[in-house]
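Let's take a walk through this structure together, one feature after another. Have the model open beside you as you read.

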Amino acid sequence: MKIEDIKNICVVGAGNMGHQIALQAALSGFQVKSTDASEVTLQKAQQFVDSYLPQRVAKGKLTEEQAALARKNISFVKTLEEAAQDADFVIEAVTEKLALKRDIFSKLDTICPPDTILATNSSFIVSSMIADVTTRPSQVCNMHFFNPALVMKLVEVVQGPHTAPETAEVTVELCRRMGKLPVLLNKEIYGFLVNRILGALSTEAVFLLDQGIASAEAIDLAVVNALGHPMGPFRLMDLTGIDLSYHIGMERYRETQDAADKPSPVIVEKYAKGEWGQKTGKGFYQY
Ligand code: CAA
């Protein structure tokens, strides 16, 4: 697969990350099919696109023509078969559950044409934990976007031991053609670059909260005003989803069996209460 051959992109999962990755690809001129196992999620993704594009026009960020073209470029389809059968490149952006991702990759391997590249947007799971379910491990890699994907420039591309250099090169170039700034990791490592650094910050922030040293608001205020971050760790967890923090912790704990990797009590409590952040109207903050 060469970069010039990539016309059709399939994005599997239309949740927090998937709907914005799909729209970014459509805005960049690719033919995009967005799919999700949940009809409600798929409908919400479509509603987002239908309200976002006119807003961008009203704000002077897009012309009417650009918005109309982007809308034409993206379709929302209910089945994985329909979404992936003519894809040149697939970006999987489903929940952070290894078993689910493996199941989807094994299906994609049978549905997609033989030269299709299969990338995972996982925030933590390296693609070598998934690639072995396919007959094309050399065409599998990580392509990790950040939230909100329409805004954040960086994408981490991770070349696993199974990933062909051409696959990594094409993926890096695809990021550029999607208006993003790619960084290539030559080796796999759990959490890649950004989430390792962010994880260290968030773990410390949650420790300080758990110890009753300061409130979430005070810790956020400190990080924004002393470190110059655009938002503090708690507001950021509300944006990325406390359910995501919970699942990532649990997946890691299942793998390492190290109690230190378990999500902290405050994350477990918020997860159980359904206080998952912006998406549920309440997290560390009220929305
Ligand atoms: N979706 C799409 N666009 C959004 C958005 C959203 N949820 N939130 C804000 N924007 C856009 C706005 O439309 C606006 O665009 P224009 O300037 O082009 O008009 C721009 O972002 C700025 O928005 P605002 O002025 O409303 O707000 P802000 O200046 O406070 O910026 C922010 C909002 C971009 C989210 C900023 O606070 C920020 O950069 N926060 C940090 C985000 C971050 O760290 N992301 C990484 C998370 S870690 C991660 O993603 C890991 C993972 O594995 C999932």
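This is a predicted model: local features need pLDDT of at least 70, side-chain atom pairs count only at pLDDT 80 or more; totals for chains, interfaces and linings use all residues.

Phe192 is not a glycine, and yet its phi is positive, at about 55°.

Follow the chain onward and you reach a pair of helices. Helix α7 covers residues 194-210 and helix α8 covers residues 216-227; their axes come within 9 Å and cross at roughly 140°. Because of that angle, α7 counts as oblique to α8; the cut-off for roughly antiparallel is over 145 degrees. As for handedness, α7 and α8 form a right-handed crossing.

Which residues bring these two helices together? From α7 come Leu201, Ala205, Leu208 and Leu209, and they meet Ala216, Ile219 and Leu227 of α8. Sorted by class, this contact of α7 with α8 holds seven nonpolar residues, with no polar and no charged ones.

Now turn to a second pair of helices. Helix α10 (residues 242-256) packs against helix α11 (residues 265-273) at an angle of about 120°, and the axes are 9 Å apart. With this angle, α10 is therefore oblique to α11. The crossing of α10 and α11 is left-handed. On the α10 side, the contact is made by Ile242, Asp243, Ser245, Tyr246 and His247, while α11 contributes Ile267, Val268, Lys270 and Tyr271. By class, the contact of α10 with α11 has five nonpolar, two polar and two charged residues.

Next, look at the ligand. How many residues surround it? There are 17 residues around the ligand, and the closest are Arg56, Lys59, Ser123, His144 and Asn147. Three of these names are worth a look at their side chains. An N or O atom in the side chain of Arg56 lies 2.8 Å from an oxygen atom of the ligand. For Lys59, a polar side-chain atom is 2.6 Å from a ligand oxygen. In Ser123, an N or O atom of the side chain is 2.6 Å from an oxygen atom of the ligand.

The peptide bond from Asn147 to Pro148 is cis, and its omega is near 0°. You will find Pro148 in the loop between β6 (140-144) and β7 (154-158).

Definitions and conventions
Residues are numbered from 1 along each chain as its sequence is written. Side-chain values use heavy atoms; hydrogens and water are left out. Axes are lines fitted to C-alpha atoms, for helices over the stretch in contact, and angles run from 0 to 180 degrees between N-to-C directions. Helices (H or I, at least four residues) and strands (E, at least two) are DSSP runs, numbered from the N terminus. Angles under 35 degrees count as roughly parallel, over 145 as roughly antiparallel, 65 to 115 as roughly perpendicular and the rest as oblique. A crossing is left-handed if the near helix is turned anticlockwise from the far one by less than a right angle, and right-handed if clockwise. Contact means heavy atoms within 4.5 Å. Ala, Val, Leu, Ile, Met, Phe, Trp, Tyr, Cys and Pro count as nonpolar, Asp, Glu, Lys and Arg as charged, and the others, Gly among them, as polar. A residue is near a molecule or strand if one of its heavy atoms lies within 4 Å of it. A polar contact is a pair of N or O atoms within 3.5 Å; within protein, one must be able to donate a hydrogen and the other to accept it, and residues adjacent in sequence count only if both atoms are side-chain atoms.
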